[in-house]
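Good morning, and thank you for coming.

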Amino acid sequence: MEKPVKNEKLKNWIEEVRQLCAPDSVYVCDGSKKEYNTLMAQMVESGAAIKLKKRKNSFLFRSDPSDVARVEDRTYISTPEQAQAGPTNNWVAPDELKATMKDLYKGCMKGRTMYVIPFSMGPIDSPIAKIGIEITDSPYVVCNMHIMTRVGKKVLKKLGKKGEFIPCLHSIGAPLEPGQKDVSWPCAPIEKKYISHFTDENLIWSYGSGYGGNALLGKKCLALRIASAMAKREGWMAEHMLILRLTSPEGKQYHIAAAFPSACGKTNLAMLRPTIEGWKCECVGDDIAWMKIRPDGRLHAINPEAGFFGVAPGTSYDSNPMAMDTIKKNAIFTNCALTDKGDVWWEGMDGKPPRHAIDWKGRDWPNENKEVAAHANARFTVPASQCPVICEDWEKPEGVPIDIFVFGGRRAGLVPLVYEAYNFNHGVFMGASASSETTTANIGAVGNLRRDPFAMQPFCGYNMGDYFRHWLDMGDRLGDKAPRVFYVNWFRKTSDGRWLWPGFGENSRVLKWMCERVDGKAEAVQTPIGLLPKLGSLDLKGLKIDERDIHELLKIDMDAWKAEIPDIEKHFAQFGDRLPDELKKQLKALQERLG
Ligand code: O2Y
Ligand code: MN
C-alpha cells in the first residue's frame, strides 16, 4: 500500500510518538465513510457503542462516570513565564509538564491502535483555516473528529511535503496488557488527566480523558486556546462565538457573532426561528468564530468546525426544533438514556418521559434515588450540514462580514434585556466585564456570579490582560468598519422568580433592534451603562407581554449598578499592569456616569 504521509515533519512526529507510546499498530485516517463505518462496527462489536434502532446510522456511547466533561482544573497553559499564561489559567513550566506527561505517555498505547487524524479547522481552501494532526488511541475520538472537523486524505494533500500543522497528541491513558479485557470507556483517573497547551510551540498534549473538549482536540484546545494565542501573534481573532445571518424582509443581510458562557443557550440562538414576520435567520456556527480583517477593511468570520457538539438535556422541539431535526440521523450520542424502543432520551425532551429506560450509567431507570436518566452534560455530535437552517455560505472560504458583536450572560437581576455600547472601546469594556450566574449545567455551586470575559475565561490561551489589549488593537485597526457592540440578558426575572422575557424565537425582536440600530433606524436612550431601546423601538407586535414587564426588562437600578463596580474593580485588579489603561478609563467613566 502506498504510504499516505509525505510530509517529513509529520513522518518524524508519528515515529517519535510511536516509539514513546508503543501502540500495537499505527493507522493513518483517510476520512472515508468506510473508515467511519468500520470503526463504529468494531465499537458496537466490543460493546463500547450501541446502534440505535430508531435513528438512522446513529450510536450511543456511555462514558466512565469519572469522565463526563471538560476538566478546567486539569487544563494547563504552559508558557516559559507564568505571566504569559496570566491569572486565569493553570500554569506549569513546559519542561516540568513535559517531563511529567512523557512519563505518562511511555507505553500508554500498548494493546491499542494509534490513529493519526489529519484534520482541517475551517474549509480546506479557506485562507483562515489551519491544519492539525491528532494522534489518538481512541476510535471514539476518530469518529467524532470525522463529524466535527474535515478529516483525511484531502487534508494530507493540502499539507503537502512541507506544510505546517499543529500537533495534537491524545491518549486515553489506559494501556492494555496482553490478554487484558478492555472496558467500554477506558480512561485514566482524574489526578492523571492533563489537558496541556504549549502555546509558544503550537503544541497540544492531552492525557487521560476520552470526553469532549478534553479529547476532540480540534475544538476548545486548538480552535480556541492555541488559536487565540496564534491570533494575538498574527493579528486576527479566535473567539468563543456563534455566528448567524439575519435577513430582513427587504433582503438585507446582517451577520452577528455572539459570545455567551457555556449553558446560556448559544446553540439555541444560533438556530433561532424568528417570530417576527418576514425575517429569516440562518446558522453559520454555534460555538467558535475565527475572524480576520479582509481587504475590504471589515472583519470576516468562518466557523472552523464542521459539526455541532451540543448539550442534549433541555434540547426539544420547544427549545430548539432545528437541533432536533439536525440529530435525526448520522449522530453520535454520549451519556444519553436509552429507551426500550431503541432511541435516545434526555430530561427536557418533548412529550412524556418513557416509563422505562436505561440511564447513562447503564442501569434501569427510573430508580429509587430519583436520579436523572441522561447526564446533565450528555451530548450529541452531528454534522452541521444536516441543520435545516444552515446558511448556504457557512463554508465560504473567506467567511461572512460581521456587522454586530453580542455579549451576554445569565443574570436574574441588574442587566437589562439589551443595551448598546457607546463605541467599540466601551464594547470591549462590556465584554471584559461580562458575567453570568452558574446553573446546574456548570460545575460548582448554583447561582454564583462568575466573571467570564468574552466567554473566554476557560479558553483564552494567554494572559487575559493582553487579550483585552488585542481586542482594543483590533478595534483601532477596524476603525469605523468595526462591528457595533451590544450586551443582552435573556434571563432577567421578577423579584418572585418569574422570567420576564419569553426568549427563544422571540429573541429575534432584540436582534432586529440591533440591525435597525446599525442602519440608524431604531431609537435609543442614553443611560449610564449604554444605549437602551427607546420605548416603542423594540418590535413587540404580536407578542403577549405586559407593559410593566417591558419596563422591568429595560430598567436600570442605579444603586445596584453602583454596587457592581467593586466586583468589576476586583476582577480587573487581577491583571495588574497588563490591564490596558483604556479599560481603567472605561470603568471610571461608567462610575462617573452612575454618579
Ligand atoms: O464538556 C465538554 O467537553 C464539552 S464543553 C462544550 C461543548 C460544545 C460547545 N461548548 C462547550 C463549552 O463548554 O463551551
Ligand atoms: Mn462553547
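**The ligand and its surroundings**

An N or O atom in the side chain of Lys-220 lies 3.0 Å from an oxygen atom of ligand 1. Such a pair is a polar contact, that is, two N or O atoms within 3.5 Å; within protein, one must be able to donate a hydrogen and the other to accept it, and residues adjacent in sequence count only if both atoms are side-chain atoms.

Before I go on, a word on the source: this is a predicted model, in which local features need pLDDT of at least 70 and side-chain atom pairs count only at pLDDT 80 or more, while totals for chains, interfaces and linings use all residues. Residues are numbered from 1 along each chain as its sequence is written, chains are lettered from A and ligands numbered from 1 in the order in which they are written, and side-chain values use heavy atoms, with hydrogens and water left out.

The side chain of His-240 also places an N or O atom 3.2 Å from an oxygen atom of ligand 1. From Gly-213, it is a backbone N or O atom that lies 2.8 Å from a ligand oxygen. Taken alone, ligand 1 exposes 360 Å², and the protein buries 92% of that (Shrake-Rupley method, 1.4 Å probe).

How many residues surround ligand 1? There are 14, and the closest are Arg-70, Gly-213, Lys-220, Ser-262 and Asn-377 (a residue is near if one of its heavy atoms lies within 4 Å). Helix H7 (212–215) and helix H8 (218–234) each supply at least two residues of this shell; helices here are DSSP runs of H or I with at least four residues, strands are runs of E with at least two, and both are numbered from the N terminus.

**Helix H1**

Helix H1 covers residues 8–21. Its buried residues are Leu-10, Trp-13, Ile-14, Val-17 and Cys-21, where buried means under 20% relative accessible area, exposed over 50%, and partly exposed in between, with a 1.4 Å probe and protein chains only. On the face turned away from that buried side, H1 carries the exposed residues Asn-12, Glu-16 and Gln-19. After H1 comes Ala-22, with a positive phi near 55 degrees.

**A loop residue**

Finally, Thr-88 sits in the loop between helix H3 (82–85) and H4. Is Thr-88 buried or exposed? Thr-88 is buried, with a relative accessible area of 15%. Leaving aside residues up to four places away in sequence, Thr-88 touches Gln-457, Met-464, Gln-574 and Phe-575, contact meaning heavy atoms within 4.5 Å.

Key:
Expected span 1.5 Å × (residues − 1).
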